[in-house]
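Subject: Structure handover

Hello,

Please find the structure below. My notes on what was found in it follow.

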Amino acid sequence: MDLKSEKIQRILSKYKFRDVAVEELQKINRIFPDMNPYTGTYTFTDNSQKELLKLTGVIPVKYDGRSYNFPIQLWLLDSFPFTPPICLLKPTSNMVIREGKHVDSKGRIHLPGLHSWDYPKSSVMGLLNEMIAKFEEDPPLSSRTTEDTKDPHELMAIVSNLQINDGRVRHQDEQKIKVSVIGGGDLGMACVMSILSKCNVDKLVFINVAESSTKGGTTDLELFSLPKVQVSRDISASAGSRVIVVTANSWSSEESYVKVVQTNVDLYRGIIPNLGHHSPNAILLIASQPVDIMTHVAWRQSGFPPTRVIGAGCNLDSERLSYVLDIKLNTHKPAWVIGEHSDNKVPVMSNVGLSSNGALEIAPGSNSTKPLLDRAFELMKNQGQRSWSVGLSVADITNSILTDKMKTHSISTLAQGWGGIGAEVFLSLPCIMGANGSTRLAGVLLGPEEDSKLRTSVNSLSTLMSQIRI
């Protein structure tokens, strides 16, 4: 494997764990010499782009007594090998993708090993071996055929899966608006009822997790059945969801805060990869506590792009802040609370008014806006974070996703690269929310006090993340 080219060296120099990444690439070459490194620009679902290293080649797949070479491509994120690669099938012109359990219609590969990735236990070599084994069970590629040569049994299967509905042909698998809430208790119930009230959904699945300490409510919903609500204890019931809200917590009796958080991380390990497997195109909305840490954990465990793993974060505080500024202080500009969901959170204001048609931007910190924001923060004190309040906030975010509203919410998101933040941490930042997930507003220069609070949060969250086993 030639890693000496100027292009590859330039890209590798931007990788956070360059030496470890190079070592892994050399191991891959020894076992899979047909996988060759190239550089390229990867486009994420939010249309953001990044120069990355990719491995392109073929893997041997045996089926029905014959051997086939399946072309694949692995995009290595800049935190490789601590995050899993993005795996794609790359069919040639005479091949067609067969959508199935492990491959979606766009060729994105979904395997258990990707969802439970945990370096150094996990490796690309192990992943490629798993890929071969799964593809031999259910090949995701077939030869392209013409209509004249199409298997009549295959044609009958397609025809039987069509319906005539309202004067038009409709496929049974046409996607409906489905939302799932994972975790019972007061918060889970509040999210269910709020989403039903706020959002136009075809189906809402409420799943109680046996290991979660946030139990209750599901039995009552089974007794007093509600239209569109399905109660389940099986994660697979969430399959095909557009949005998945996770409220599950598993608080232990441990005295150490790190150990308490670890019990929640362990609970997530049995939930998040399965959710990702059953709904590979969903947006995960995390409401478990501590929300910034658990959103970070969910992102790592799911293998999803960061634009599709968000936390409820400071959205509730932000809505309250905007209300106080607008109604009580007669300041008609959007405002948000950003940073860690703790005492270190920081208020910021938009540079344009509510009625402006201009693009929203965060106003840089200044002596003129600080007294106003501090006064608004003072008026917000003692309002608390009750389950119903958080449920309403979660429903508002969910509605923005389902309706592609492009509303700006302060949600917990990957903050790396925003405002000079170099660490891989999740914090609440103003993000435009739509059907494809989140897009951050541009970073700005904050005031000294606000910047100090943000840096303190980055350090404390980084420290805690380094102490837990994901």
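**Cavities**

Strand β4 (86-89) and helix α3 (112-115) each supply at least two residues of the lining of the largest cavity. Helices (H or I, at least four residues) and strands (E, at least two) are DSSP runs, numbered from the N terminus. This is a predicted model, in which local features need pLDDT of at least 70 and side-chain atom pairs count only at pLDDT 80 or more, while totals for chains, interfaces and linings use all residues. Residues are numbered from 1 along each chain as its sequence is written, and side-chain values use heavy atoms, with hydrogens and water left out.

On a 1 Å grid over the protein atoms alone, a cavity is a set of points where a 1.4 Å probe fits but cannot get out; a pocket is an open set with protein on both sides within 12 Å along at least five of seven lines; lining residues have an atom within 4 Å of a point. Grid points are joined across faces, edges and corners, and a volume is the space filled by probe spheres set on the points.

There are three cavities of 30 Å³ or more. The largest holds about 100 Å³ and has 14 lining residues, with Arg108, Ile109, Leu114, Ser302 and Gly303 nearest its centre. Its lining has eight nonpolar, four polar and two charged residues (nonpolar: Ala, Val, Leu, Ile, Met, Phe, Trp, Tyr, Cys and Pro; charged: Asp, Glu, Lys and Arg; polar: the others, Gly among them).

The second largest cavity holds about 50 Å³. Its lining consists of Arg98, Gly100, Lys101, His102, Val103, Phe135, Asp138, Pro139 and Pro140.

**Second largest pocket**

The second largest pocket has a volume of about 540 Å³. It is lined by 21 residues, and Phe82, Arg300, Met465, Ile468 and Ile470 are the closest to its centre. Both α10 (291-302) and α14 (448-467) supply at least two lining residues; α14 gives the largest share, three residues. The lining is made up of nine nonpolar, five polar and seven charged residues.

**Helix pair α6 and α13**

The axes of α6 (residues 185-198) and α13 (residues 387-402) come within 8 Å and cross at roughly 45 degrees. Therefore α6 is oblique to α13 (under 35 degrees counts as roughly parallel, over 145 as roughly antiparallel, 65 to 115 as roughly perpendicular and the rest as oblique). Axes are lines fitted to C-alpha atoms, for helices over the stretch in contact, and angles run from 0 to 180 degrees between N-to-C directions. The residues in contact (heavy atoms within 4.5 Å) divide into 10 nonpolar, five polar and three charged.

Regards
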